[in-house]
Amino acid sequence: MGPCPKRHSLLLNKMDSQRLKQAIISLSNLVSRLRGPGGCPWDAEQTDSSVGMYLLEEAYEVLDAIEKSAPDHLCQELGDLLFHIVFLAQLADERREFDFAEVVEGIRDKMIHRHPHVFGKTKVKSVKEVALNWAKIKRREKKSHHESASFLEDVPMNLPALLGSHRLSERAAKAGLPGIDGKEAWDRAQERFETLRSEMENEETERFSDAIGDLILDLVHSARERGLNAESILRHSNRRFLNHFAKMEEDLRDSGIDPETATPEQMEDAWKRVKTRVVS
């Protein structure tokens, strides 16, 4: 995909509805053409499962563009993600299950229903109240469709584990579960750490694994209480670690040492030098 077109006027605050309509119809027709007679053999062979995996990769690339604060990159990655959404809708349309228009109409109607403080007469006083209302509405929707009404049931288990923990913690807090907010979660995390320390000498791997998992979950609770997302925190820490490691390798090369043959002692010295420069 090429670079996204630049807006030529800051006065264009509202999207041209005709342009939007044409763009969506054109994209939908393009996917249909790729799948149809005389189209692309590769696209014709794709399934929900295969496209789903590409969709997941594209979603992570969108997140990467967001974290890099790269508008042009983000514009392109959102396009890639949208393409795969339209593609999945095309597969469903071919099976006479639903089409892309139903996808758009469905999410529009859902958002109107879940924002009664915007499109209805409901009054709210805070963001927290908005979130609580959202959870109640969602639960009523599930009951009306005879689905599980559990606050936690619809948290996808194939989410990245840390993000999944955040969502579970978030939903449990909205449900009113005690003991996962504020000081209680932090105090329990410290207790978990002591448990983990005692399990270090234990050869039973399962108990050690459970202790680590419980500690991480309580840290997730503590982070969420501060308005933070543990997934974002760890992604940021991963980037910092990656950058620090690259600078350590650069320091070794500047010292005439090949990073691939450096001794643990040389790597530790370089790591400390880089850390000192970062702190100072």
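The expected span of a helix is 1.5 Å times one less than its number of residues. This tour applies that rule at its opening stop; the model on screen is a predicted one.

**Helix α4**

Select residues 71-94, which make up helix α4.

Next, colour the buried residues of α4, among them E77, G79, L81, H84 and V86. Further along the helix, F87, A89, Q90, L91 and A92 are buried as well. Which elements cover these residues? The cover includes α1 (17-35), α2 (41-45), α3 (48-67) and α5 (100-113); display these helices together with α4.

Now select I85, which is also found in helix α4. Is I85 buried or partly exposed? Its relative accessibility is 34%, so I85 counts as partly exposed. Leaving aside residues up to four places away in sequence, I85 touches L55 and F100. For a sense of scale, draw a line from the C-alpha atom of I85 to that of R226: the two are 34 Å apart in space and 141 residues apart in sequence.

Beyond the end of the helix, select R96, which follows α4 and has a positive phi, near 60 degrees.

Side chains of opposite charge can pair when their charged atoms come close. Across the whole structure, a search finds 16 salt bridges.

Select R95 and E97, whose side chains meet in a salt bridge with an N to O distance of 2.9 Å. R95 has a relative accessible area of 41% and is therefore partly exposed. E97 is likewise partly exposed, because its value is 46%.

Then select D64, E67, K68, R235 and R239 together; a network of salt bridges links these residues.

Move to N229, in the loop between α10 (205-225) and α11. This residue counts as buried, because its relative accessibility is 18% and the limit for buried is under 20%. What does N229 touch, when residues up to four places away in sequence are not counted? Its contacts are L163 and H166. Select E231 as well: its backbone nitrogen lies 2.8 Å from a polar atom of the N229 side chain.

**The aromatic cluster**

A pair of aromatic rings is described by the distance of the centres and the angle of the planes. The structure holds four aromatic pairs. For one of them, select F241 and F245: the pair is tilted, with 6.3 Å from centre to centre and 35 degrees between the planes. Both residues belong to helix α11 (residues 230-254), where they are four residues apart, about one turn of the helix. An α-helix has 3.6 residues a turn, so residues three or four places apart point the same way. F245 is partly exposed, as its relative accessible area is 30%.

F241 and W271 form another tilted pair, 5.6 Å centre to centre with 50 degrees between the planes. This pair links distant parts of the chain, since F241 lies in helix α11 and W271 in helix α12 (residues 264-279), 30 residues apart. With a relative accessibility of 26%, W271 counts as partly exposed. With the three residues on display, the picture is of a cluster: ring pairs link F241, F245 and W271.

**Charged pairs of helices α11 and α12**

Keep both helices in view and select D251 and R277. These residues form a salt bridge, their closest N and O atoms being 3.3 Å apart. This pair also links distant parts of the chain: D251 is in helix α11 and R277 in helix α12, 26 residues apart. R277 is partly exposed, because its relative accessible area is 48%.

K272 is partly exposed at 47% relative accessible area, and E268 is partly exposed at 43%.

Technical notes
Residues are numbered from 1 along each chain as its sequence is written. This is a predicted model: local features need pLDDT of at least 70, side-chain atom pairs count only at pLDDT 80 or more; totals for chains, interfaces and linings use all residues. Side-chain values use heavy atoms; hydrogens and water are left out. Rings of Phe, Tyr and Trp (its six-membered ring) pair if their centres lie within 6.5 Å; planes under 30 degrees apart count as stacked, over 60 as edge-to-face and the rest as tilted. Helices (H or I, at least four residues) and strands (E, at least two) are DSSP runs, numbered from the N terminus. Buried means under 20% relative accessible area, exposed over 50%, partly exposed in between (1.4 Å probe, protein chains only). A polar contact is a pair of N or O atoms within 3.5 Å; within protein, one must be able to donate a hydrogen and the other to accept it, and residues adjacent in sequence count only if both atoms are side-chain atoms. Contact means heavy atoms within 4.5 Å. A salt bridge is a side-chain nitrogen of Lys or Arg within 4 Å of a carboxyl oxygen of Asp or Glu.
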